[in-house]
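Biologist: I would like to learn how to read a structure like this one, feature by feature. Could you walk me through it?

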Amino acid sequence: MAEITPPRIEGRVRVRDGRKLGFAEFGPPDGRPIIWLHGTPGARKQIPEDARLAAEDVGVRFIGIDRPGTGLSTSHLYGAILDFIGDLEILIDELGFDDLAVIGLSGGGPYALAAGHALPDRVKAVGVLGGVAPTRGPDAIAGGLVSLAVRFAPIFPPIRVPFGLFLGAVVTALMPVGYTALDLYARISPPGDREVFARPEIKEMFINDLSETHGRLRAPVDDIILFTRDWGFRLADVAVPVKWWHGDADHIVPLAHGRHCVERLPDAELFIRPGESHLGGFGAAEEVLETLLKTWGRQPMKEAL
């Protein structure tokens with residue numbers, strides 16, 4: 001079992017309608033704040049060890065957030081992905097952040113872009129790692145695993161509660177053999193993802209993160225529902241700088257989806273990860289941090305005023 005850096009602090013913030021969002025912090029308390037939005041499935045600790053260590057070196061305060069329905073967050077289905085930002089803004093206000101950056105991994109990508117769209121005066125840079133692309137509206141693109149969910153979109157809302165309970169029960173049952181289960185999944189994954197799963201600290205992160213959901217996994221079902229709806233904004237309206245990393249062998253979200261989104265974002269740059277699949281972003285932590293901080297640096301800093 002590999003050692004991984006524990007959170008410096010964990011807690012919950014009360015948001016709209018009395019609901020709560022759970023969070024975990026890594027890195028120095030006076031570091032530049034970067035919100036990390038986990039994949040689908042995932043929770044607040046789905047931050048790779050390389051990123052946790054790099055945060056200490058470069059002065060970054062990482063905040064991982066449980067989306068509603070997993071970990072410490074109250075279950076709630078938004079009308080659209082953009083609606084999440086109302087809760088996120090309350091959390092960043094409570095934590096005392098003026099300026100920040102946001103990183104979204106896979107299913108967290110749309111939420112990160114929504115933050116960039118809705119909070120352009122506060123979000124100085126957005127990083128997307130293998131992010132999901134729109135399936136509805138003028139920005140939609142077909143293909144990939146999420147497109148399969150579009151075919152069954154009417155089915156998911158009525159079964160979100162029992163299906164979430166089922167997923168939670170499966171994860172709870174697999175926890176005692178979690179490392180073996182990950183090894184078996186790695187065997188059927190593309191070579192790039194097998195290399196990621198071969199790293200003990202990555203396996204430990206996944207096990208630790210999923211164990212903190214305590215069998216509450218309604219969030220992945222809600223993510224799927226929201227991915228099959230209009231996001232509530234257009235890519236052309238995301239004015240903040242976006243840096244997008246994508247593996248050229250991604251078997252879940254094709255590279256074509258990353259290219260499609262980057263072409264439609266006004267200020268975006270695509271970084272292709274050769275030979276890597278969907279989890280390639282976990283191996284790009286230092287590059288992601290360096291790039292986002294450099295991008296943030298081209299904005300006027302409050303400390304310099």
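Predicted model: local features only at pLDDT ≥ 70, side-chain atom pairs only at ≥ 80, totals over all residues.

Biologist: Which residues touch the most other members of the largest nonpolar core?

Modeller: Ile35 and Leu113 do, in a core of 45 residues. Apart from that core lies another one, of 34 residues, with Phe26, Ala55, Ile202 and Leu293 among them.

Biologist: How confident is the predictor, in terms of pLDDT, across the protein chain?

Modeller: The average pLDDT is 91, and 96% of the residues score at least 70. Over residues 300-305, though, the pLDDT is below 50, and this stretch has four contacts in the model beyond near neighbours in sequence.

Biologist: What does the radius of gyration tell me about the protein chain?

Modeller: Compare it with the value for a compact globule: with 305 residues that would be near 19 Å, and the protein chain has 18 Å, which agrees. The C-alpha trace spans about 55 × 45 × 45 Å along its principal axes. As for secondary structure, the chain holds 11 helices and eight strands.

Biologist: And how do I read burial and contacts for the chain as a whole?

Modeller: Of the 305 residues, 56% count as buried. The accessible surface comes to about 12400 Å², and 57% of it belongs to carbon and sulfur atoms. For contacts, take pairs at least 6 apart in sequence: 78% of these join residues at least 24 apart.

Biologist: Now a helix, please. Which residues of α2 are buried?

Modeller: The general idea comes before the case. An α-helix has 3.6 residues a turn, so residues three or four places apart point the same way. In α2, which covers residues 84-94, the buried ones are Phe84, Ile85, Asp87, Leu88, Leu91 and Ile92. Viewed down the axis of α2, these buried residues fall within an arc of 155 degrees, so they line one face of the helix.

Biologist: What do the buried residues of α2 pack against?

Modeller: Their partners are the strands β1 (9-14), β2 (20-26), β3 (32-37), β4 (60-65) and β5 (100-105), together with α3 (109-118). After α2 comes Gly96, with a positive phi near 80 degrees.

Biologist: How should I read backbone angles elsewhere?

Modeller: Most residues other than glycine have a negative phi, and most peptide bonds are trans. Asp17, in the loop between β1 and β2, has a positive phi near 60 degrees. Ser106, in the loop between β5 and α3, also has a positive phi, near 55 degrees. For the peptide bond, look at Thr40 and Pro41: the bond joining them is cis, with omega about 0 degrees. Pro41 sits in the loop between β3 and α1 (49-58).

Biologist: Is Asp17 buried or exposed? And Ser106, buried or exposed?

Modeller: Asp17 is exposed, with a relative accessible area of 72%. Ser106 is buried, with a relative accessible area of 10%.

Biologist: What about a residue in between, such as Ile224?

Modeller: Ile224, in helix α9 (residues 219-227), counts as partly exposed because its relative accessibility is 24%. Not counting residues up to four places away in sequence, Ile224 touches Ala149 and Phe156. The C-alpha atoms of Ile224 and Val146 are separated by 7.6 Å, while these two residues are 78 residues apart along the chain.

Definitions and conventions:
Residues numbered from 1 in each chain as written. Heavy atoms only, no water. Buried < 20%, exposed > 50% of the residue type's maximum accessible area, 1.4 Å probe, protein only. Helix = DSSP H or I, 4+ residues; strand = E, 2+ residues; numbered from the N terminus. Arc of directions from axis to C-beta. Contact = heavy atoms within 4.5 Å. pLDDT = per-residue confidence, 0-100. Rg over C-alpha atoms; globule rule 2.2 N^0.38 Å. Areas by Shrake-Rupley, 256 points an atom, 1.4 Å probe, with all protein chains shown as cover. Core = buried A, V, L, I, M, F, W, Y, C linked by side-chain atoms within 4.5 Å.
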